[in-house]
Amino acid sequence: MTRTVLVTGGTSGIGRAIAARFAADRAEVFITGRDPDTVERAAEELGVHGVACDATDPGQVAELAARFSELDVLVNAAGGLPQAEPGNGSALDAVLALWQANLAQNLLSAVLTAASVRDKLTSGGCVISIGSIGAERGGGAYGATKAALAAWSASLSRDLGPHGITSNVISAGYIAGTNFFRGQMTDERHRALVEETHNKRPGTVEDIAETAYFLASPGGRHITGQAIHVNGGAFTTR
Ligand SMILES: NC(=O)c1ccc[n+]([C@@H]2O[C@H](COP(=O)([O-])OP(=O)(O)OC[C@H]3O[C@@H](n4cnc5c(N)ncnc54)[C@H](OP(=O)(O)O)[C@@H]3O)[C@@H](O)[C@H]2O)c1
């Protein structure tokens, strides 16, 4: 049976690779992003449906959800490092703005999207949210919001589990080939991040896409409430 899959932040990087993986499986895939032109172009390239939607905007998220009668897989990939906007306010105003932007982009985006499709998720389905290694080791406002994402995902698992739906975070290490670092990644930082892995390579978007695909497969049905670390050993749980 054809599965319906929604990937927020599916125009680029990790989300795009996940959308491509499910599309290769002949699923009916929907991707979102904030820029309508980018969404349209990516959707055409991938052969999927594109919907411009800011996942931090409840009105836009509700409109997105209204398109579905049933949804099998929700992937919350929208997220990133918000820019610190130089404002006219005090230093504390700037701190507040940065934390609120991180909370919106990396936590509330997933919370709102999941809440909007909550009653449309099918038994046997799953919610997958893309977290970060930054949650494990003092990643500032970004890491704190990704840690909160994992805590929320675990509580969602408790809520959805009785309905046959899983909820997990894929906690990604350094993944090359995305727009996440907005051109700011230096050769030196790249080398340092690769060096701390056990397998001496950066993660790829396909590493995350294959993990997401597995979590949504029959083999992943008893995995729920977890943060699955995909980082080449850069962070180990023991
Ligand atoms: N790359 C890494 O090393 C790494 C490591 C750990 C975790 N992650 C996480 O992986 C996820 C994907 O990031 P990426 O590395 O693939 O970066 P990316 O290439 O910048 O992709 C981010 C995607 O999210 C979309 N997006 C951002 N904010 C959004 C919003 N409010 N509403 C809808 N879409 C939004 C972007 O499109 P628009 O900007 O056009 O809206 C884009 O499609 C993020 O959650 C990130 O925190 C990345």
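Predicted model: local features only at pLDDT ≥ 70, side-chain atom pairs only at ≥ 80, totals over all residues.
A polar contact here is a pair of N or O atoms within 3.5 Å.

An oxygen atom of the ligand sits 3.3 Å from a polar backbone atom of Gly-9. That pair falls within the 3.5 Å limit. Next, Gln-105. An N or O atom in the Gln-105 side chain is 3.0 Å from a nitrogen atom of the ligand. Then Lys-146. Here an N or O atom of the side chain lies 2.8 Å from a ligand oxygen.

How much of the ligand's accessible area does the protein cover? On its own, the ligand has 880 Å² of accessible area, and the protein covers 92% of that.

Which elements give two or more residues to the shell? They are α1 (13–24), α4 (91–117), β5 (121–132) and α5 (140–160). The largest share, three residues, comes from β5.

Now the shell by residue. There are 30 residues around the ligand. The ones that come nearest are Thr-11, Ser-12, Ile-14, Arg-34 and Tyr-142. By class, the shell divides into 12 nonpolar, 15 polar and three charged residues.

Let me stay with β5 and move to the sheet. Strand β4, residues 71–76, runs parallel to β5, and five bridges join the two. As a reminder, strands of a sheet pair through backbone hydrogen bonds, either parallel or antiparallel.

The whole sheet is open and has seven strands. The order is β3-β2-β1-β4-β5-β6-β7, with parallel pairing. Why is one side of β3 and of β7 left without a neighbour in the sheet? Because β3 (49–52) and β7 (227–230) stand at the edges, each with a single partner strand. From one strand to the next, the twist averages 20 degrees.

Last, the overall fold. The secondary structure comes to seven helices and seven strands. From the N terminus, the elements run β-α-β-α-β-α-β-α-β-α-β-α-α-β. Along the principal axes, the C-alpha atoms fill a box of roughly 50 × 45 × 35 Å.

Note on methods: Residues numbered from 1 in each chain as written. Heavy atoms only, no water. Near = heavy atom within 4 Å. Polar contact = N/O pair within 3.5 Å; in protein donor to acceptor, adjacent residues only side chain to side chain. Areas by Shrake-Rupley, 256 points an atom, 1.4 Å probe, with all protein chains shown as cover. Helix = DSSP H or I, 4+ residues; strand = E, 2+ residues; numbered from the N terminus. Nonpolar A, V, L, I, M, F, W, Y, C, P; charged D, E, K, R; others polar. Pairing = 2+ DSSP bridges. Axes fitted to C-alpha atoms, helices over the stretch in contact; angles between N-to-C directions.
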